[in-house]
Amino acid sequence: MESGWPASLIRDVPDFPAEGVVFKDITPLLDDGDALRWAADELADSFADAAVDRVVGVEARGFILGAAVAYRLGCGFVPFRKPGKLPYRTRSVDYQLEYGTASLEAHTDALAPGQRVLIVDDVLATGGTAAAAVELACSGGAEVVGAGFLVELGFLGGRAKLSDDWPVISLFCFGDDG
């Protein structure tokens, strides 16, 4: 392995999606089979003792990592999507973004009361999306047992919006508080 691998596969894209933002592009890491396997294994290993029943992946890159983690843990996968993307009856949660609001939806039968759920997404930034995913999972009676992220932007403080009652794991943290 080269020095800094696989962190060197996370590319900075300046001024995306808006001027002044430095986007952490994980697609080079996803393109490297060894790096993708490493990331899925690290996240799965971090929660191997949590008796996870379902992994929730948050649209869209959370699907990639979440499905791989679910496979590795030997449990089911549940997609949390943007409105209008799921074909069956849904329940939803609205949440605040920096410049407005957004929503996440899940099928009404996606999670059963008492199921132990792991939330997986690519990036933990301000924490709004992750907190909404937790709220949506709990609205069906499931129990969140942890959250895993590939990248955390620690300087944005998103970790503070998540519970101290279960682990929050980030494989790479950029900035403070990670």
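## A polar contact at Glu143

The side chains of Glu143 and Arg116 are joined by a polar contact of 3.5 Å (a pair of N or O atoms within 3.5 Å, where, within protein, one must be able to donate a hydrogen and the other to accept it, and residues adjacent in sequence count only if both atoms are side-chain atoms). This is a predicted model, in which local features need pLDDT of at least 70 and side-chain atom pairs count only at pLDDT 80 or more, while totals for chains, interfaces and linings use all residues. Residues are numbered from 1 along each chain as its sequence is written, and side-chain values use heavy atoms, with hydrogens and water left out.

Glu143 counts as partly exposed, because its relative accessibility is 39% (buried means under 20% relative accessible area, exposed over 50%, and partly exposed in between, with a 1.4 Å probe and protein chains only).

## The sheet around it

Glu143 is found in strand β8 (strands are DSSP runs of E, at least two residues, and helices are runs of H or I, at least four, numbered from the N terminus). Five strands form an open sheet with parallel pairing, in the order β4-β3-β7-β8-β9 (two strands pair if DSSP finds at least two bridges between them). Strands β4 (76-80) and β9 (168-174) stand at the edges with a single partner strand each, so one side of each is left without a neighbour in the sheet.

Strand β3 (residues 54-58) runs parallel to β4 and is joined to β4 by five bridges; Gly57 has Pro79 in β4 as its bridge partner.
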